[in-house]
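The sequence and structure are shown first.

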Amino acid sequence: MIGEIKKIKRNIVKTMVVRTRCSVQDLPTVIGESYGKVMAVMNQNGAIPAGAPYVAYFNQDMNDLKVEIGIPTASYMPDTEDVVMSEIPAGEYISVLYTGPYSGIGGAYEKMMAYMAENQVEMKGAAYESYLNDPEDTPDDQLMTEILLGI
């Protein structure tokens, strides 16, 4: 199910992330490993998540995705070899809540692009997917993903 598409303003969100490149086929494994690395650094520093885990997509090359996999935090932590401080920038975004299996998320992007064309706005920056519930204990048809496209 694709929720209402809307234009929103967001404040900056500080995050701890792993930056990497991978194919879309390897993405589920890379995401799981990266969240493990981020949580280990957060736990080591006594930090707790300050929002939903996310993936930022910086390109559309399905064979070589440039991604940032992270978790919001209110705490400053020193960078490690694999995990660094980052941010989701403040600004305007097109936002939608998609509910359903990750394999069907493309339809939400299609509707967002149509909305942007109708409203004469262009995407700038990354696409962000925030995962609002855990796929390990949530049925596929109930998975909730907030999608943000910077404009």
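## Terms and basis

A residue is called buried under 20% relative accessible area, exposed over 50% and partly exposed in between, with a 1.4 Å probe and protein chains only. By this scale, Arg-19 is exposed, with a relative accessible area of 52%.

The model is predicted: local features need pLDDT of at least 70, side-chain atom pairs count only at pLDDT 80 or more, and totals for chains, interfaces and linings use all residues. Residues are numbered from 1 along each chain as its sequence is written, and side-chain values use heavy atoms, with hydrogens and water left out.

## Sheet and helix

Helices (H or I, at least four residues) and strands (E, at least two) are DSSP runs numbered from the N terminus. Two strands pair if DSSP finds at least two bridges between them.

Strand 3 and strand 7 run antiparallel and are joined by 4 bridges; Val-55 has Glu-129 in strand 7 as its bridge partner.

## Nonpolar cores

A nonpolar core is a set of buried Ala, Val, Leu, Ile, Met, Phe, Trp, Tyr and Cys residues joined through side-chain atoms within 4.5 Å. The largest one has 34 residues, and Met-16, Val-55, Tyr-57, Ile-147 and Leu-149 have the most contacts inside it. The elements giving two or more residues to this core include strand 2 (13-22), helix 1 (27-44), strand 4 (65-72) and helix 2 (106-118). Helix 1 gives the most, with 7 residues.

Contact means heavy atoms within 4.5 Å. Leaving aside neighbours within four places in sequence, Ile-147 is in contact with residues including Ile-94, Val-96, Ala-108, Met-112 and Tyr-128.

## Salt bridges

A salt bridge is a side-chain nitrogen of Lys or Arg within 4 Å of a carboxyl oxygen of Asp or Glu. The count by this rule comes to 6. Arg-10 pairs with Glu-146 at 3.5 Å between the closest N and O atoms; the residues sit in strand 1 (residues 6-10) and strand 8, 136 residues apart.

Glu-68 forms a salt bridge with Arg-19, with the closest N and O atoms 3.0 Å apart, linking strand 4 to strand 2 across 49 residues. Glu-68 is buried, at 3% relative accessible area. A further salt bridge joins Arg-21 and Asp-64 (3.1 Å, N to O).

## Aromatic pairs

Rings of Phe, Tyr and Trp (its six-membered ring) pair if their centres lie within 6.5 Å; planes under 30 degrees apart count as stacked, over 60 as edge-to-face and the rest as tilted. There are 3 aromatic pairs by this rule. Tyr-54 and Tyr-128 form a tilted pair, 6.0 Å centre to centre with 50° between the planes. Ring pairs link Tyr-54, Tyr-93 and Tyr-128 into a cluster.

The ring centres of Tyr-102 and Tyr-131 are 5.5 Å apart with the planes at 70°, so this pair is edge-to-face. Tyr-102 is partly exposed at 31% relative accessibility, whereas Tyr-131 is buried at 10%.
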